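Reader: Hi! Could you walk me through this one? I'd like to start with the helix packing.

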Amino acid sequence: MSSPPAAAGSEAKITVTTRAELRDRVRAAYTMTHAQEGHRTFSEFVSALLEQEAVRLETEYNQGNEFHGGNVSLPRGRPLGS
């Protein structure tokens with residue numbers, strides 16, 4: 001199932017589950033650097049991290065072009081290979 005592509009500049013909420021240790025590291029990194037790095041909110045900080053990784057993957061696997069199809073629902077349940 002897919003939804004319409006998001007409008008440029010619109011916001012969307014995402015929820016992820018990660019190791020508690022990683023959550024704590026990311027929170028600490030934000031707390032210790034947000035003023036120097038100019039991140040006004042934790043959401044802005046996490047968005048910058050996600051964008052950096054998306055750009056890396058696009059560069060590595062898609063000749064620097066944005067991937068398409070992000071409006072398609074992700075599989076639910078156990079991760080592949082588990």
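Reader: Which residues in α1 meet which in α2?
Author: V26, R27, A29, Y30 and T33 in α1 meet F42, F45, V46 and L49 in α2, where contact means heavy atoms within 4.5 Å. By class, that contact has seven nonpolar, one polar and one charged residues. This is a predicted model, in which local features need pLDDT of at least 70, side-chain atom pairs count only at pLDDT 80 or more, and totals for chains, interfaces and linings use all residues. Residues are numbered from 1 along each chain as its sequence is written, and side-chain values use heavy atoms, without hydrogens and water.

Reader: Nice. At what angle do the axes of α1 and α2 cross?
Author: Roughly 115°, with the axes of α1 (residues 20–37) and α2 (residues 42–61) coming within 10 Å. That makes α1 roughly perpendicular to α2 (65 to 115 degrees counts as roughly perpendicular).

Reader: Switching topic: how many salt bridges are found in the whole structure?
Author: Three, a salt bridge being a side-chain nitrogen of Lys or Arg within 4 Å of a carboxyl oxygen of Asp or Glu. One of them joins R56 and E53 at 2.7 Å, N to O. Another pairs E44 with R40, with the closest N and O atoms 3.1 Å apart.

Reader: How far apart are R56 and E53 in helix α2?
Author: About one helical turn, because they are three residues apart in α2.

Reader: And is R40 buried or exposed?
Author: R40 counts as exposed, at 70% relative accessibility, whereas E44 is partly exposed at 26%. Buried means under 20% relative accessible area, exposed over 50%, and partly exposed in between (1.4 Å probe, protein chains only).

Methods: Axes fitted to C-alpha atoms, helices over the stretch in contact; angles between N-to-C directions. Helix = DSSP H or I, 4+ residues; strand = E, 2+ residues; numbered from the N terminus. Parallel < 35°, antiparallel > 145°, perpendicular 65-115°, else oblique. Nonpolar A, V, L, I, M, F, W, Y, C, P; charged D, E, K, R; others polar.
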